[in-house]
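Please look over the sequence and the structure before reading on.

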Amino acid sequence: MHDAIKKLFGYENTDPYVYLVSTKSGDKVNGQIAVDVIGFTFLKKWPRAAIFIGKDKFTHDLINESGVFALNLLSVKQMELVRTFGMRSGKNTDKFKGVEHAESGTGSPIIKNCVGYADFRVIEKVDLGDHTMFYGLAVDSNIMSEDTPLRISYFKKNAPVEWITELEKTTKESLVKSKEFFEKYAKQKGLS
Ligand SMILES: Cc1cc2nc3c(=O)[nH]c(=O)nc-3n(C[C@H](O)[C@H](O)[C@H](O)COP(=O)(O)O)c2cc1C
């Protein structure tokens, strides 16, 4: 079934933008990489986005507390940020150390020289078992540079081999944690 599902959802053909999701709760600041992002632009007055954040992520806990996040669209010149923000947790390190950034209206960090950003207030959150969907209303947005947005295929093709190996390792670790969370949820929901 897994192969059929992957084909059905165009898994091999999708080539999403790579975002750095940032947030601030009290004096704690953190961010992570995310590609599972859906933007809703249909109603001009109420632009929204849904992001899907793993429950094991530090960013998850901070967005849960603060109810705010920003989406920073990374450029092809910012691949090293994928490594810093997407392959290690802010639970033990300050990922923003040495990364030039400003503060958005909601307090979330905005990365210098990213292609652009949007700043959100969470208006809904949904428990998905292993992830939470945070649904945000955009309160501000700006384009910051003309650089080419980073897509996942570009990263996989151009990042140093050691980074790809590291990504495979961290993805495997995330899978284990996702499974643990989803097993609990499946039990609660009576799923087999
Ligand atoms: C290319 C890429 C895409 C990712 N997409 C997501 C995503 O959509 N949702 C998610 O929860 N984690 C995603 N991750 C994983 C997190 O960015 C990663 O686990 C991060 O280290 C979490 O950091 P934190 O614990 O400081 O929040 C992605 C990582 C990479 C490298």
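A residue counts as buried if 20 or more other C-beta atoms lie within 10 Å of its own. By that rule, 28% of the 192 residues of the protein chain are buried. The model is predicted.

**Overall build**

- The protein chain contains five helices and nine strands.
- Read from the N terminus, the order of its elements is α-β-β-β-β-α-β-α-β-β-β-β-α-α.
- The C-alpha trace spans about 45 × 40 × 40 Å along its principal axes.
- The radius of gyration of the protein chain is 17 Å, which agrees with the value near 16 Å that a compact globule of 192 residues would have.
- Among contacts between residues at least 6 apart in sequence, 70% join residues at least 24 apart.

**Helix H2**

- Thr 59, Leu 62 and Ile 63 are buried in H2.
- The buried residues of H2 line one face of the helix, because they fall within an arc of 100° when seen down its axis.
- The cover over these buried residues includes strands S1 (19-25), S2 (28-34) and S4, along with S5 (68-73), S8 (116-127) and S9 (131-143).

**Surroundings of the ligand**

- The ligand is surrounded by 23 residues, and the closest are Asp 36, Thr 59, Gly 86, Ser 89 and Gly 90.
- Two or more residues of this shell come from each of S2, S4, H2, helix H3 (79-86) and helix H5 (161-189).
- S2 contributes the most, with four residues.
- Sorted by class, the shell holds 11 nonpolar, eight polar and four charged residues.

**Asp 56**

- Asp 56 sits in the loop that joins strand S4 (48-54) to helix H2 (58-66).
- Asp 56 has 18 other C-beta atoms within 10 Å, so it is partly exposed; a buried residue would need 20 or more.
- Leaving aside residues up to four places away in sequence, Asp 56 touches Ser 174 and Lys 177.
- Ile 164 is 108 residues from Asp 56 in sequence, and their C-alpha atoms are 21 Å apart in space.

Conventions. Residues are numbered from 1 along each chain as its sequence is written. This is a predicted model: local features need pLDDT of at least 70, side-chain atom pairs count only at pLDDT 80 or more; totals for chains, interfaces and linings use all residues. A residue is buried if 20 or more other C-beta atoms lie within 10 Å of its own, exposed if 12 or fewer, and partly exposed in between; C-beta atoms are placed from the backbone. Two residues are in contact if their C-beta atoms, placed from the backbone, lie within 7 Å. The arc is that of the directions from the helix axis to the C-beta atoms. A residue is near a molecule or strand if its C-beta atom, placed from the backbone, lies within 6 Å of it. Ala, Val, Leu, Ile, Met, Phe, Trp, Tyr, Cys and Pro count as nonpolar, Asp, Glu, Lys and Arg as charged, and the others, Gly among them, as polar. The radius of gyration is taken over C-alpha atoms; the globule rule is 2.2 Å times the number of residues to the power 0.38.
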